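Let's take a friendly walk through a structure, starting with the overall build and ending with a few single residues. Have a look at it first.

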Amino acid sequence: MTAAAIAACGLGKDFGSIRALDALDLEVREAEFFGFLGPNGAGKTTTVHILATLLKPGRGTARVAGYDVVRESLQVRRGIGLVFQETTLDRDLTAEENLRFAARLWDLPGGVARPRIEQLLRQFGLLERRDDPVRSLSGGMRRALDVARGVLHAPRVLFLDEPTAGLDPRARRSLWELVQGLRRSSGLTVFLTTHYVEEAEPCDRVAVLDRGRLVALGTPAELKSAAGVGSLEDVFFARTGRPLAEANGGHGGQ
Amino acid sequence: MRAVYGIVVRELVRFLRQRGRVLASVARPFVWLIFAGAGFATVFAGRQEIDYRVYMTPGLLGMVVMFGALLASLSTVTDREAGVLRMVLVAPIRRSTIALGKALGAALLGTVQSIVVGVVLLPLVGLHPTPASVLLAVAGVALASLAMGALGLLLAAGIRSLENFAGVMNFVVFPMLFLSGALYPVSRLGAVLQALAYLNPLAYGVDLLKHALLGSWAGVGYGGELPVALDFVALAAFAAVGLAAATPLLASEGGVTRAAFRERG
């Protein structure tokens with residue numbers, strides 16, 4: 001067992017007078033499938049952006065993939081993959097060109113990148129569409145390509161920030177199959193943020209976040225039995241006094 | 001350095017894929033030559049020293065540099081809106097590498113477009129520069145393109161959305177063009193406008209091109225007005241300052257997370 005994949009200590013961030021994240025203590029184990037459950041505005045994305053070094057923490061420290069997010073941000077970025085809520089693909093480039101562009105950004109030599117791109121396109125069912133511009137791909141295919149881009153450099157930790165927003169149920173299912181396949185084949189640590197309880201259910205452990213504070217942490221079974229309820233939805237209600245769906249404000253995606 | 005290469009390649013591929021953009025950039029100087037050239041030529045008609053179309057040739061090449069490089073690096077705004085900038089920002093590379101890649105891509109586009117236009121434009125107006133002049137012109141075009149690319153990055157950092165684009169065109173691009181000496185000598189402008197012209201990187205690029213292409217008319221006041229060395233130093237300084245200033249702005253917190261935070265309401 002190596003060091004924790006993610007270790008946050010007293011992590012916090014304010015935007016002006018808004019306390020986006022209060023003081024988060026968290027440890028995610030190597031190869032763990034970790035769910036970060038909470039409504040819109042709970043601070044999930046802020047947390048991911050701090051852990052991915054895109055945002056400086058206002059308080060506290062964090063180590064990701066073995067490195068400090070502030071002092072060793074380049075090393076952290078080398079060790080992580082990040083799939084954002086919205087696609088980051090260049091719609092004018094083809095599927096393969098997007099991956100080639102990413103491979104150069106991650107400094108993968110051509111001899112490493114070419115077979116890796118080939119393998120990912122095959123694994124993600126995009127081989128036949130490799131030369132099509134991204135704008136012509138379906139939402140599900142784009143998402144798959146986003147994930148392929150995220151794991152191109154074989155990261156230790158993959159962040160998925162609300163990855164199923166805007167996808168139809170079939171595309172969602174196939175995305176989860178892809179992610180589970182990646183976990184099986186590479187022992188990848190996956191850090192998932194979601195406001196859907198059914199997506200948090202299969203996680204090894206779930207942290208429940210509300211208004212910038214951690215309100216519960218444990219396996220889905222532990223959380224349910226500790227709160228004496230039958231679903232993660234009820235766990236959220238038991239801990240915050242509000243139903244999750246209402247806290248989400250009825251919106252899909254953040 | 002592979003990252004810089006990747007960013008440059010992406011800029012080129014995107015440019016070549018946008019047929020309209022390629023066409024517009026090549027056709028624009030000829031439209032100016034025909035319409036503005038004809039109009040200004042009548043104003044200049046009393047002066048026999050130089051054909052106005054010859055006079056405006058360095059300026060037209062400078063214009064190609066400006067539109068080519070500036071618009072290319074302003075595409076950072078589109079990158080931010082489309083989310084592509086996030087992919088670049090989460091890559092394990094320094095912000096300065098991203099800025100350099102963007103500016104070099106823009107510079108390459110400005111240079112190549114200007115050379116392509118020059119190959120057609122120079123014989124068309126009857127200019128046949130010596131190899132040494134050509135070399136000086138290409139060096140000037142390349143350096144001016146880099147300065148313009150860097151400036152475009154800086155502007156892009158200040159522009160949060162494409163809606164502000166028209167403002168940039170009106171308050172940056174056109175004043176820069178009119179205060180560059182492209183259409184009339186800077187030395188004949190009033191003191192205030194002249195001072196403004198010397199804050200304009202394009203003016204130094206156009207001046208260099210005049211040194212290279214209008215040497216024969218230097219005696220009658222239509223050649224370059226500043227020392228060649230000063231033009232080079234000024235362009236290099238604009239490029240360096242633009243890059244240095246744009247780099248930290250590229251990934252300002254507003255760019256990534258603040259926006260996401262606002263969307264949540």
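How many helices and strands are there in chain A? Chain A has 10 helices and 10 strands, where helices (H or I, at least four residues) and strands (E, at least two) are DSSP runs numbered from the N terminus.

A quick note before going on: this is a predicted model, in which local features need pLDDT of at least 70, side-chain atom pairs count only at pLDDT 80 or more, and totals for chains, interfaces and linings use all residues. Residues are numbered from 1 along each chain as its sequence is written, while chains are lettered from A and ligands numbered from 1 in the order in which they are written.

**Chain A as a whole**

Chain A is as compact as a globular protein of its length, because its radius of gyration of 18 Å is close to the 18 Å that the globule rule gives for 254 residues. That radius is taken over C-alpha atoms, and the rule is 2.2 Å times the number of residues to the power 0.38. Here are some more values for the chain.

| Property of chain A | Value |
|---|---|
| Box filled by the C-alpha atoms, along the principal axes | roughly 50 × 40 × 40 Å |
| Share of the 254 residues that are buried | 49% |

"Buried" means that 20 or more other C-beta atoms, placed from the backbone, lie within 10 Å of a residue's own.

**A sheet in chain A**

Chain A has an open sheet of 4 strands in the order S2-S1-S4-S5, with antiparallel pairing. Two strands pair if DSSP finds at least two bridges between them. At the edges sit strand S2 (18-28) and strand S5 (67-68), each pairing on one side only. Strand S1 (residues 6-15) and S2 of chain A are joined by 7 bridges, and A:Leu11 has A:Leu24 in S2 as its bridge partner.

**Where the chains touch**

The contact between the chains takes 31 residues from chain A and 27 residues from chain B; residues are in contact if their C-beta atoms, placed from the backbone, lie within 7 Å. On the chain B side, helix H1 (2-17), helix H5 (84-89) and helix H12 (253-264) each give two or more residues.

**One residue up close**

Is A:Glu162 buried or exposed? A:Glu162 is buried, with 24 other C-beta atoms within 10 Å. You'll find A:Glu162 in the loop between strand S7 (157-161) and helix H6 (169-186) of chain A. A:Thr46 is 116 residues away along the chain, yet the C-alpha atoms of A:Glu162 and A:Thr46 are separated by 12 Å.

Conventions: A residue is buried if 20 or more other C-beta atoms lie within 10 Å of its own, exposed if 12 or fewer, and partly exposed in between; C-beta atoms are placed from the backbone. Two residues are in contact if their C-beta atoms, placed from the backbone, lie within 7 Å.
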